[in-house]
Amino acid sequence: FAQPAALLSLPALAALPTAMQATVPAPMQMPPIGAVPADHPDAELVDTAREFFAADRLFNAIDADEHEAESAQAMARWYAALERTTSLIPTTPEGMAAKLHVALTAMESVGIEEGYQREEAAALAVLRHLAGRPGA
């Protein structure tokens, strides 16, 4: 794409999953994590999960060979959102769903071709089952 640096702004990251939803392959599509009101008990967790998926879309859309710095920035945002999501404790179904889908996406990002240890494969199977995708 023409100007990857412009996509690294937070509003652009937040809008990216919705804008790209119809054009990305199914494994990359953002799970149904809707926005919640600011006073929702898990608002920070849901917002952080949405930021994770925006960074995930951006990272996957960037040609890392051509845009190394932008790719590195997107990956740094991805890891920051993953770490923050991991540290937050969900107290509502929305928060639990957000955390579940972030964990599942992070596990799937490793890729089967890179191989899983038995423990990772077991965790991935549980996450997929909880997300309603046991055969994925």
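Predicted model: local features only at pLDDT ≥ 70, side-chain atom pairs only at ≥ 80, totals over all residues.
Local features were considered at pLDDT of at least 70 and side-chain atom pairs at pLDDT 80 or more, whereas totals for chains, interfaces and linings use all residues. Residues are numbered from 1 along each chain, and side-chain values use heavy atoms, without hydrogens and water.

Helices H3 (residues 68-87) and H4 (residues 93-110) pack with their axes 10 Å apart, at an angle of about 135 degrees. H3 is therefore oblique to H4 (under 35 degrees counts as roughly parallel, over 145 as roughly antiparallel, 65 to 115 as roughly perpendicular and the rest as oblique). To the contact (heavy atoms within 4.5 Å), H3 contributes Trp 78, Leu 82, Thr 85 and Thr 86, and H4 contributes Lys 99, Val 102, Ala 106 and Ser 109. These residues comprise 4 nonpolar, 3 polar and 1 charged.

Aromatic rings pair if their centres lie within 6.5 Å, with planes under 30 degrees apart counted as stacked, over 60 as edge-to-face and the rest as tilted. By this rule there are 3 aromatic pairs. The Phe 52 and Phe 53 rings, with centres 5.1 Å apart and planes at 85 degrees, form an edge-to-face pair. The rings of Phe 52 and Trp 78 are tilted, because their planes lie at 40 degrees, with centres 5.0 Å apart. This pair joins helix H2 (residues 43-61), which holds Phe 52, to helix H3, which holds Trp 78, across 26 residues. Ring pairs connect Phe 52, Phe 53, Trp 78 and Tyr 79 into a cluster. Phe 52 is buried (under 20% relative accessible area; exposed is over 50%, partly exposed in between, with a 1.4 Å probe and protein chains only), at 0%. Phe 53 is likewise buried, at 1%, as is Trp 78, at 4%.

How values were computed: Axes fitted to C-alpha atoms, helices over the stretch in contact; angles between N-to-C directions. Helix = DSSP H or I, 4+ residues; strand = E, 2+ residues; numbered from the N terminus. Nonpolar A, V, L, I, M, F, W, Y, C, P; charged D, E, K, R; others polar. Phe/Tyr/Trp six-rings, centres within 6.5 Å; stacked < 30°, edge-to-face > 60°.
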